[in-house]
Amino acid sequence: MNTQSPNGEFAGSVGLVTGAGRGIGFAIVDELLKYGACVSLLDISEETGNKAISELEIKYKSSSSRLLFIKCDVTNKIEFEDAFKKTIEKFGKINIVVNNAGIMTKYITSWELAIDLNYKAVVHGTILGLKYIENKIDRNSAVINVASIVGLSNSILPMYQSTKRAVIEFTKSIGCSFNTKAHENNVRVMAICPGPTFDGLDNNIDEKNSLEHEIQELITSGEETPNPNRVIIIQNSDYYKAAFLHVMKNGQSGDIWIAENKEPARLTHFYTQY
């Protein structure tokens, strides 16, 4: 199928996004469509996925030929790889893989699912991305792993923090210059760590303030000496969209980016001494 679109910096590109029926995943699909890409929208919920497709088809009136919904449990290895194959069958290729599906769990609730979904599925999605994305230098090709600022914090969320931190460390390592050269990987692998991102709260100040307070406690209460100046502000998905575009344009393999507090995306810096 001809995937060319007359407008947009992603015209002719094909994206595959997991956990794409709502939230950040839906926002990324929206942004890819806006800039001309074809997109496979993966979600475990058929109802959520079909609702998302309908909404996008109304918004982008001629987008039905550029959209594919695939019901997929990304913790199922066969289902996940089949989604890649179905995407290529429809659109002819894949350029961008966004591993977004995840679950936020408190304390050790659903700990096995947290590991399977937040970490193992991201690793598998990255491996599949490197397998199916054409191995060439291309600013419109990448694997983007969605982590979290919790993975960079000392929170009281042991499973969420540790799995998101694992995503960060995996992305740093597989994307480092040594591995890129040694394994001849030209496809960039990067991660974005969003702060709290919710849509629909801009007109509900009381709920927004209450949720910000709760999230601040979850993220900072594990610190021996919490930073009194740390600010945690809920942002809507438009800020993540801007970060995604910035990282696609400017990011290098192995980069870890932060997108929080309604601020422009910024690159993290890690120190190797211990």
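I take helices (H or I, at least four residues) and strands (E, at least two) as DSSP runs, numbered from the N terminus. The model is predicted, so I note that local features need pLDDT of at least 70, side-chain atom pairs count only at pLDDT 80 or more, and totals for chains, interfaces and linings use all residues. Residues are numbered from 1 along each chain as its sequence is written, and side-chain values use heavy atoms, with hydrogens and water left out.

**Entry: Glu184**

I started in the loop between helix 6 (177-182) and strand 6 (188-194), where Glu184 sits. Glu184 is not a glycine, yet its phi is positive, about 50 degrees. Is Glu184 buried or exposed? I use buried for under 20% relative accessible area, exposed for over 50%, and partly exposed in between (1.4 Å probe, protein chains only). Glu184 has 60% relative accessibility, so it counts as exposed.

Next I looked up its contacts, meaning heavy atoms within 4.5 Å. Leaving out residues up to four places away in sequence, Glu184 touches Asn135 and Asn179. Asn135 is 49 residues from Glu184 in sequence, but their C-alpha atoms are 8.4 Å apart.

**Entry: Tyr107**

I then checked another positive phi in a residue other than glycine. Tyr107 has phi near 50 degrees. Tyr107 lies in the loop between strand 4 (96-99) and helix 4. Its relative accessible area is 56%, so Tyr107 is exposed.

**Entry: helix 4 and helix 5**

Two packed helices are described by the angle between their axes and the distance between the axes. My axes are lines fitted to C-alpha atoms, for helices over the stretch in contact, and angles run from 0 to 180 degrees between N-to-C directions. Helix 4 (residues 111-132) packs on helix 5 (residues 158-174) at about 15 degrees, with the axes 9 Å apart. Angles under 35 degrees count as roughly parallel, over 145 as roughly antiparallel, 65 to 115 as roughly perpendicular and the rest as oblique. Helix 4 and helix 5 are therefore roughly parallel.

Which residues of helix 4 and helix 5 make the contact? Helix 4 brings residues including Trp111, Asn118, Val122 and Leu130. Helix 5 brings residues including Met159, Thr163, Phe170 and Ile174. I sorted the contact residues by type: Ala, Val, Leu, Ile, Met, Phe, Trp, Tyr, Cys and Pro count as nonpolar, Asp, Glu, Lys and Arg as charged, and the others, Gly among them, as polar. The tally is 13 nonpolar, 3 polar and no charged.

I also looked up Lys131, which is in helix 4. Lys131 has 54% relative accessibility, so it counts as exposed. Phe84 is 47 residues from Lys131 in sequence and 9.9 Å from it, C-alpha to C-alpha.

**Entry: helix 1 and helix 2**

The axes of helix 1 (residues 23-34) and helix 2 (residues 46-59) come within 11 Å and cross at roughly 30 degrees. That makes these two helices roughly parallel. Phe26, Val29, Asp30 and Leu33 of helix 1 meet Ala52, Glu55, Leu56 and Lys59 of helix 2. Here I count 5 nonpolar, no polar and 3 charged.

**Entry: nonpolar cores**

A nonpolar core is a set of buried Ala, Val, Leu, Ile, Met, Phe, Trp, Tyr and Cys residues joined through side-chain atoms within 4.5 Å. The largest core has 34 residues, of which Val29, Leu32, Ile144 and Phe244 touch the most other members. A second, separate core has 26 residues, including Leu16, Cys38, Ala101 and Ala121. I traced Phe244 as well: beyond its neighbours within four places in sequence, Phe244 contacts Phe10, Ile28, Leu32, Ile96, Val98, Ile144 and Ile192.
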